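Hi,

Here is the structure I said I would pass on.

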Amino acid sequence: MINAAILGYGTVGSGVFEVIRTNQKSISKRIGKELRVKYVLDKKEFPADDPVNEVLCRNFETIVNDPEISIVVEVLGGVEPSYTWVSECLKRGKSVCTSNKELVAKHGAELIALAKENDANFLFEASVGGGIPIIRPINESLSADEITEITGILNGTTNYILTKMSDEGLDFDAVLKEAQEKGYAELHPEADVEGYDACRKIAILTSLAYGQQVDYEDIYTEGITKITDADIKYAKALNKSIKLLGTSCKIDGQVYAMVCPMMIGKDHPLYSVKDVFNAVFVNGNMVDDLMFYGRGAGKLPTASAVAADMVEAVRHLGRSLPIIWGSEKLELGNIGDFKHAFFVRVSADTPKEAVEKAFGNVKIVTLEEKTDEYAFVTSIIKEKDFQKKIKDFKSVNSVIRLNAK
């Protein structure tokens with residue numbers, strides 16, 4: 001029998017507990033041993049009929065000091081006490097499986113190294129795509145490729161908001177309120193709508209793709225709070241949709257990374273990803289284009305990924321899986337040298353001659369309905385060149401990048 005402990009009985013923790021209990025027979029068959037949750041650590045009180053009461057534990061020391069515990073699931077969220085507790089478990093040779101993107105983004109390289117020192121594993125499939133398998137494919141299935149690009153819709157909340165704005169013509173505030181009522185968005189949704197959640201996820205994926213530490217603080221990040229119904233209408237006029245994308249790519253040996261809203265066309269594989277679904281597009285120099293699609297969040301999809309890591313950890317007890325993510329920092333390319341086309345909305349009294357003089361050949365975009373503005377799309381130029389030129393225009397209503405793919 002293999003004994004496990006779960007740190008935290010919130011949404012994901014209760015889901016992991018449910019997955020192990022519900023699928024215990026099939027899981028045990030796959031690993032050749034019975035996998036049992038011996039402890040669940042949480043300080044809250046739960047209804048008397050909740051089966052968690054049979055294994056509820058109030059003290060972390062009980063878990064870390066129990067030699068029977070081989071696998072620990074960390075689903076507390078945040079950096080502390082998660083970092084301290086995970087470190088202690090790994091030092092005792094206990095493998096850890098987590099969905100905690102903050103922890104992984106900040107201390108991933110260190111915890112992977114600590115696991116290796118103690119013949120244990122630190123696994124985090126659920127930290128990026130919820131139920132979407134993406135960590136293991138990058139680490140294993142694509143190990144013979146050099147990855148040239150990773151671009152993803154990495155946050156279900158923002159994708160839901162942008163989908164509703166596009167399909168129903170609602171404004172941002174109205175859709176955000178609805179998302180909160182449905183439980184898709186938190187009461188304080190800044191991590192989602194300002195792009196911080198997607199930033200941490202693309203930092204993890206980039207670190208794995210290139211084998212070095214990428215600090216999420218170094219990634220240019222822009223959320224969706226400035227997207228308006230007018231932007232949506234112009235996007236439709238261009239036969240495009242607006243998505244919050246986390247992207248990293250390697251160009252001439254330099255890695256660039258950013259998170260921001262982008263307009264993408266119908267030929268882009270992420271165009272049709274709607275609602276709370278997530279997707280990750282990967283390009284390898286040999287395998288070419290790949291897409292990973294599914295539910296990127298939610299209790300059971302995320303819990304399923306955590307439970308799969310538990311199975312993997314059991315299969316490799318006493319032996320560390322190779323994960324290439326070194327502590328040496330990867331210096332990202334200056335975002336000013338990154339190239340995009342840009343969609344720009346300006347007031348109607350902005351001279352088109354001035355636009356063409358600044359940006360050269362542009363595409364002018366107008367709506368059928370009468371407005372006091374128009375838009376234009378630039379050719380592909382460097383970020384720093386665009387920012388320098390746009391400063392000369394005083395009546396800019398909106399700027400959105402266009403993904404070239």
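Below is what I found, going from the whole chain down to a few side chains. Keep in mind that this is a predicted model.

**The chain as a whole**

There are 15 helices and 19 strands in the chain. The C-alpha trace spans about 75 × 45 × 35 Å along its principal axes. The radius of gyration is 23 Å, which agrees with a compact globule, because 405 residues packed that way would come out near 22 Å. Of the 405 residues, 56% are buried. If you take the contacts with a separation of 6 or more, 73% of them are between residues 24 or more positions apart.

As for charge, the chain has 49 positive and 59 negative ones, and their mean positions are 2 Å apart.

**Around Cys 249**

If you like thinking about cysteines, go to Cys 249, which is in strand S10 (residues 240-251). Is Cys 249 buried or exposed? Its relative accessibility is 9%, so Cys 249 counts as buried, the cut-off being under 20%. Leaving aside residues up to four places away in sequence, Cys 249 touches Thr 148, Glu 149, Tyr 210, Gln 254, Val 255, Tyr 256 and Phe 338. Leu 56, by contrast, is 45 Å from Cys 249, C-alpha to C-alpha, and 193 residues away in sequence.

**Aromatic rings**

The structure holds 12 aromatic pairs. One of them is Tyr 256 with Phe 338, a stacked pair with 5.1 Å centre to centre and 10° between the planes. This pair links distant parts of the chain, 82 residues apart: Tyr 256 is in strand S11 (residues 254-265), and Phe 338 is in the loop between strand S14 (326-329) and strand S15 (339-347). Tyr 256 is buried at a relative accessible area of 10%, and Phe 338 is buried too, at 7%.

Phe 359 and Phe 376 make a tilted pair, because their planes are at 40°, with the ring centres 5.5 Å apart. Here helix H14 (residues 352-359) supplies Phe 359 and strand S17 (residues 373-377) supplies Phe 376, 17 residues apart. Phe 359 is buried, with a relative accessible area of 7%, and for Phe 376, also buried, the value is 0%. Both belong to a cluster in which ring pairs link Phe 342, Phe 359, Phe 376, Phe 386 and Phe 393.

Cheers

Definitions and conventions: Residues are numbered from 1 along each chain as its sequence is written. This is a predicted model: local features need pLDDT of at least 70, side-chain atom pairs count only at pLDDT 80 or more; totals for chains, interfaces and linings use all residues. Side-chain values use heavy atoms; hydrogens and water are left out. Helices (H or I, at least four residues) and strands (E, at least two) are DSSP runs, numbered from the N terminus. The radius of gyration is taken over C-alpha atoms; the globule rule is 2.2 Å times the number of residues to the power 0.38. Buried means under 20% relative accessible area, exposed over 50%, partly exposed in between (1.4 Å probe, protein chains only). Contact means heavy atoms within 4.5 Å. Lys and Arg count as positive and Asp and Glu as negative; His and the chain ends are not counted. The place of a charge is taken as NZ of Lys, CZ of Arg, CG of Asp or CD of Glu. Rings of Phe, Tyr and Trp (its six-membered ring) pair if their centres lie within 6.5 Å; planes under 30 degrees apart count as stacked, over 60 as edge-to-face and the rest as tilted.
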